[in-house]
Amino acid sequence: MTELDILNLQSGSVQSTGLYFVGLSFSIWVAMRVSSVVSQRAADNVVMKLIASVYGIGVVYYFNMTLSFYAYNMELTGHRLATLKAGGGDVSAASMDFVANVGASTTPPTFSLVPSDPVVYPLLIAILGIILLPLWGPQEDA
């Protein structure tokens, strides 16, 4: 496998992960909208609240998985480039900068649902809060 092959694999991975991200971003909006509608129109319906909550939690789970796949794809590309370089292959200086930037090595990365970027934690908590608080938080008297 050449450097160009590795970068082409990364390009395809980033594009497909980006499409999932766009779809899940829309699904997050739908979950927020469902939460808003259920809290306004069916505030006493526990079954609807549970369905909206399960949907919202599921969407946030898959959103986190998509972010995790993006990080894994970056680490895997760095690993492939580092392995190519260690095997005596031709690797450009820009690619070696990429390897250093992602902290890659010749040891294969492992996939993890635990975000490595600390910014993801408050993002996921905020999304869950926006979805779940209107459903289960105190309701305004109308």
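**Entry 1: the bend in α4**

Where in α4 does a kink lie, and of about how many degrees? I found a kink of about 30 degrees at Ile130, shortly before the proline Pro134. The bend at a residue is the angle between axes fitted to the seven residues ending there and the seven starting there.

A note to myself on ground rules: this is a predicted model, where local features need pLDDT of at least 70 and side-chain atom pairs count only at pLDDT 80 or more, while totals for chains, interfaces and linings use all residues. Residues are numbered from 1 along each chain as its sequence is written, and side-chain values use heavy atoms, with hydrogens and water left out.

I looked up the span of α4 next: its 17 residues reach 24 Å from first C-alpha to last, close to the 24 Å expected at 1.5 Å a residue. The expected span is 1.5 Å times one less than the number of residues in the helix. Helices here are DSSP runs (H or I, at least four residues), numbered from the N terminus.

**Entry 2: what α4 hides**

I listed the buried residues of α4 as Val120, Leu124, Ile127, Gly129, Ile131 and Leu135. Buried means under 20% relative accessible area, exposed over 50%, and partly exposed in between (1.4 Å probe, protein chains only). The cover over these buried residues of α4 includes α1 and α2.

I also looked up a pair involving Pro134: Ser36 and Pro134 are 98 residues apart in sequence, yet 6.5 Å apart in space, C-alpha to C-alpha. Ser36 is found in helix α1 and is partly exposed, with a relative accessible area of 21%.

**Entry 3: helix α1**

How many residues does α1 have? I read 39 (residues 3-41), reaching 56 Å from the first C-alpha to the last, close to the 57 Å expected at 1.5 Å a residue. Its buried residues include Glu3, Ile6, Gln10, Thr17, Leu24 and Val38. The buried residues of α1 pack against α2, α3 (93-102) and α4 (120-136).

I then asked which residues Gln10 touches, not counting residues up to four places away in sequence. They are Met74, Thr77 and Phe98, where contact means heavy atoms within 4.5 Å.

Leu19 and Thr110 are 91 residues apart in sequence and 23 Å apart in space, C-alpha to C-alpha. For Phe26 and Ser92 I noted 66 residues in sequence and 38 Å in space, again C-alpha to C-alpha.

**Entry 4: helix α2**

I picked Thr66, which lies in helix α2. Thr66 is buried, with a relative accessible area of 8%. Leaving aside neighbours within four places in sequence, Thr66 is in contact with Thr17, Tyr20, Phe21 and Leu24. Two of those names, Thr17 and Leu24, were on my list of buried α1 residues.

**Entry 5: a surface patch**

Which residues form a nonpolar patch on the surface? I found Tyr61, Tyr62, Phe69, Phe111 and Leu113, with about 460 Å² of accessible area together. Patches are made of residues with over 30% relative accessible area and no salt bridge; like charges are joined within 9 Å, and nonpolar side chains (Val, Leu, Ile, Met, Phe, Trp, Tyr) within 5 Å. A salt bridge is a side-chain nitrogen of Lys or Arg within 4 Å of a carboxyl oxygen of Asp or Glu. Accessible areas come from the Shrake-Rupley method with a 1.4 Å probe, and for residues only the protein chains shown count as cover.

Tyr62 lies in helix α2 (residues 46-86) and counts as partly exposed, because its relative accessibility is 46%.

**Entry 6: the loop between α3 and α4**

Last, I checked Val114, which lies in the loop between α3 and α4. Val114 is exposed, with a relative accessible area of 56%. Val114 and Asn64 are 50 residues apart in sequence and 8.4 Å apart in space, C-alpha to C-alpha.

Methods. Helix = DSSP H or I, 4+ residues; strand = E, 2+ residues; numbered from the N terminus.
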